[in-house]
Amino acid sequence: MDAIVENIANAMNNSLGAPLAVLLLSIIPIAEARFAIPFGISMGLSPIEAFGWAFLGSSLIAPILLIVFIPLINALSKTKLFSKIGKFLYDKFEKKSRSLADSVQSDAQSKGAKKPFITKSDMKKMGGTALFVAIPLPLTGVWTGSAVASILKIGFVKSLIGVIVGNAVACGIITLISFLFRDYVNYITLAFFAIAVIVVIILIVKFFLYKPTEQTDKNE
């Protein structure tokens, strides 16, 4: 198994170069920087280099996701061909955002005249988004975090700050683990890959079992 990772790493290193390979891998949903960082170290990058390229790639996609991801999912929900997948994805993201929304509901009804740029409610939502993205597991990364932040409607800049801060923490955690257990970095890479595959299989099963319900218009 160790040789498989090395062979794949060498092939990607020779074809793309380690920095570009890590940057591109970190953009892929579910895998993201969690997979790209240990894989980058397997390709010969230092932990700092792997962190930098993975953080850059996974952060670059965040502003794009904040603008188009949820609108795209809502658009899919209204088509005949992709209606089910659009509703399935929105429901998943909406459930993840609900606990954060509930925790700040009481603060949302503020009295007073002028609303400041960042309210106490916004700070809680930003912190919750950052904490969510910071957990270095599949489905808690930049893609899901951006969707959750969009549903929470705290604004583009505040959402981006929450996602980027959380991403930095997640990348730091994975880099530290990969550094401390550098002799086993190929196995760490395989472990994250296996987890990603399992998550994809579970999502596919849940998708086929999912029964859409009537929903009102969202985020239009």
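1. Let's start with the lining of the largest cavity: by class, it has six nonpolar residues, no polar ones and one charged. Keep in mind as you look around that this is a predicted model.

2. Which residues are those? The largest cavity is lined by I30, A31, R34, F35, P138, F192 and A196. Arginine counts as charged, so R34 is the charged one in that list. Two elements each give two or more residues to this lining, namely helix 3 and helix 10 (185-209).

3. How much space lies in the largest cavity? The answer is about 30 Å³. A search of the whole structure turns up one cavity of 30 Å³ or more. If you wonder how empty space gets found at all, rolling a probe the size of a water molecule over the atoms shows where it is left.

4. Now follow helix 3 (residues 32-42) to its contact with helix 4 (residues 47-77): their axes come within 9 Å and cross at roughly 150°. Angles over 145 degrees count as roughly antiparallel, and that makes helix 3 roughly antiparallel to helix 4. As for handedness, the crossing of helix 3 and helix 4 is right-handed.

5. Have a look at the side of each helix that takes part. Helix 3 makes the contact through A33, A36, I37 and I41, while helix 4 brings P47, A50, F51, A54 and S58.

6. What classes do these contact residues fall into? Where helix 3 meets helix 4, eight are nonpolar, one is polar and none is charged.

How values were computed
Residues are numbered from 1 along each chain as its sequence is written. This is a predicted model: local features need pLDDT of at least 70, side-chain atom pairs count only at pLDDT 80 or more; totals for chains, interfaces and linings use all residues. Side-chain values use heavy atoms; hydrogens and water are left out. Axes are lines fitted to C-alpha atoms, for helices over the stretch in contact, and angles run from 0 to 180 degrees between N-to-C directions. Helices (H or I, at least four residues) and strands (E, at least two) are DSSP runs, numbered from the N terminus. Angles under 35 degrees count as roughly parallel, over 145 as roughly antiparallel, 65 to 115 as roughly perpendicular and the rest as oblique. A crossing is left-handed if the near helix is turned anticlockwise from the far one by less than a right angle, and right-handed if clockwise. Contact means heavy atoms within 4.5 Å. On a 1 Å grid over the protein atoms alone, a cavity is a set of points where a 1.4 Å probe fits but cannot get out, and a pocket is an open set with protein on both sides within 12 Å along at least five of seven lines; lining residues have an atom within 4 Å of a point. Grid points are joined across faces, edges and corners, and a volume is the space filled by probe spheres set on the points.
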